[in-house]
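Let's take a look at a ring pair and a ligand site. Keep the picture in view as you read.

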Amino acid sequence: MQDCIFCKIIEGSIPSKKVLENDDIIAFHDINPAAPVHVLVVPKVHIDSLEALNSRNIDVVVKVHQAILEVAKIMNINSKGYRVIVNCGKDGGQTVPHLHYHVLGGTAMNEKLL
Ligand code: AMP
Ligand code: ZN
């Protein structure tokens, strides 16, 4: 997808600090971390947002969740815990229109979400 920053990271034309990569996903450190550990898990196929999931592309969600488990282990936050966030659309605060999951950890999160 032209002009999609995450597609460019996936194709390698924009650099990233990679944590994990396989055929289906890439995971890299967020450029503006909101927690000591802040990794983005991104499906390689361009999907605009959660709202663009459908019966043809939803299988990738399983791959993303498998990758989140691996990322949590790699970043050593699996035992203490972590938070996974998906922002969706304008009111959800989504700024990059390519589906991605924030994995946040390395500190105790506030119980309140907002
Ligand atoms: P969202 O607001 O949910 O769309 O999240 C987009 C995230 O992408 C933000 O947390 C940004 O800091 C992050 N981000 C934007 N550009 C880059 C980049 N080139 N490398 C790593 N993270 C990025
Ligand atoms: Zn994209």
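## A pair of rings

This predicted model has 1 aromatic pair. It joins phenylalanine 6 and phenylalanine 28: their ring centres are 5.5 Å apart and their planes sit at 75°, so the pair counts as edge-to-face. (Rings of Phe, Tyr and Trp, with its six-membered ring, pair if their centres lie within 6.5 Å; planes under 30 degrees apart are stacked, over 60 edge-to-face, the rest tilted.)

The two partners come from distant parts of the chain, 22 residues apart, with phenylalanine 6 in helix 1 and phenylalanine 28 in strand 2. Helices (H or I, at least four residues) and strands (E, at least two) are DSSP runs, numbered from the N terminus.

## What touches the ligand

On the backbone, a polar atom of isoleucine 31 lies 3.1 Å from a nitrogen atom of ligand 1. Such polar contacts are pairs of N or O atoms within 3.5 Å.

## The shell around it

Ligand 1 has 16 residues around it, with Asp30, Asn87, Thr95, Val96 and His102 the closest; to count, a residue needs a heavy atom within 4 Å. Helix 1 gives the largest share, 3 residues.

## How it was worked out

Residues are numbered from 1 along each chain as its sequence is written, while chains are lettered from A and ligands numbered from 1 in the order written. In this predicted model local features need pLDDT of at least 70, side-chain atom pairs count only at pLDDT 80 or more, and totals for chains, interfaces and linings use all residues, while side-chain values use heavy atoms, leaving out hydrogens and water.

Methods
Polar contact = N/O pair within 3.5 Å; in protein donor to acceptor, adjacent residues only side chain to side chain.
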